[in-house]
Amino acid sequence: MYLLHKTNTFVPTRNKALIEEPEHSKECEAMEDQLLAFLKFLQQEYNYSSNTIAAYKNDLGQFVSYLQENNSTSVGNWQAIGAEKINGYVTYMKEQPYASSSVARKVAAVKSFFNYLEANQIVQDNPTTDIDSPKVKKRLPKTLTANEVEALLEAPANKKTPKNLRDMA
């Protein structure tokens, strides 16, 4: 199995990979090149930070690993990946010990990648069009008690610095 490395190349892992099979090697190289082109596109066109690019690289690497471990013999190009495989990936990710926000980010990375592939006419039909992203739980902010608000407002009175005098005004 191959995973994206921080040097923007795929590196082998211990599992047998689709990329190692000789009849698929050129197709898989093209798939790898398209993944790397997408990451470069994000960096150049959107000026994403290195951490954001690393997150996309990791998320897409996990997607590629999933594809390789599940019916990899039928995956030789991105066009061969349909909605059923992507739905299977979403279901698989939901079963993992990830927060719903992490799963949503991983699904968003896959959807962005396929939008890029469609825009560049690498795939004719985008299989992620009807894929729903997991709902992210929203947390309400914790409110301060009346005593905490009072203590916060009185804090500048403890020292007579210029900033504290400004804050007391």
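A salt bridge is a side-chain nitrogen of Lys or Arg within 4 Å of a carboxyl oxygen of Asp or Glu. In this predicted model, Asp-59, Arg-105 and Lys-106 are linked in a network of such bridges. Residues are numbered from 1 along each chain as its sequence is written, and side-chain values use heavy atoms, with hydrogens and water left out. Because the model is predicted, local features need pLDDT of at least 70 and side-chain atom pairs count only at pLDDT 80 or more, while totals for chains, interfaces and linings use all residues.

**Salt bridges**

- By the rule above, the count is two salt bridges.
- Asp-59 and Arg-105 meet through their side chains, with N to O at 2.8 Å.
- Asp-59 lies in helix α2 (residues 50-69) and Arg-105 in helix α4 (residues 100-119), so this pair ties together parts 46 residues apart in sequence. Helices here are DSSP runs of H or I, at least four residues long, numbered from the N terminus.
- Asp-59 also forms a salt bridge with Lys-106, and the closest N and O atoms are 3.1 Å apart.
- Lys-106 is in helix α4 and Asp-59 in helix α2, so the pair ties together parts that are 47 residues apart in sequence.

**Burial of the network**

- Buried means under 20% relative accessible area, exposed over 50%, and partly exposed in between (1.4 Å probe, protein chains only).
- Asp-59 counts as buried because its relative accessibility is 1%.
- Lys-106 is buried as well, whereas Arg-105, at 38%, is partly exposed.

**Helix α4**

- The expected span of a helix is 1.5 Å times one less than its number of residues.
- For the 20 residues of α4 this gives 28 Å, which agrees with the 28 Å between its end C-alpha atoms.
- Its buried residues include Val-103, Lys-106, Phe-113 and Leu-117.

**Aromatic pairs**

- Rings of Phe, Tyr and Trp (its six-membered ring) pair if their centres lie within 6.5 Å; planes under 30 degrees apart count as stacked, over 60 as edge-to-face and the rest as tilted.
- The count by this rule is 14 aromatic pairs.
- Phe-63 and Tyr-89 have ring centres 5.0 Å apart and planes at 75°, so the pair is edge-to-face.
- This pair links distant parts of the chain, with Phe-63 in helix α2 and Tyr-89 in helix α3 (residues 83-95), 26 residues apart.
- Both Phe-63 and Tyr-89 are buried.

How values were computed
Helices (H or I, at least four residues) and strands (E, at least two) are DSSP runs, numbered from the N terminus.
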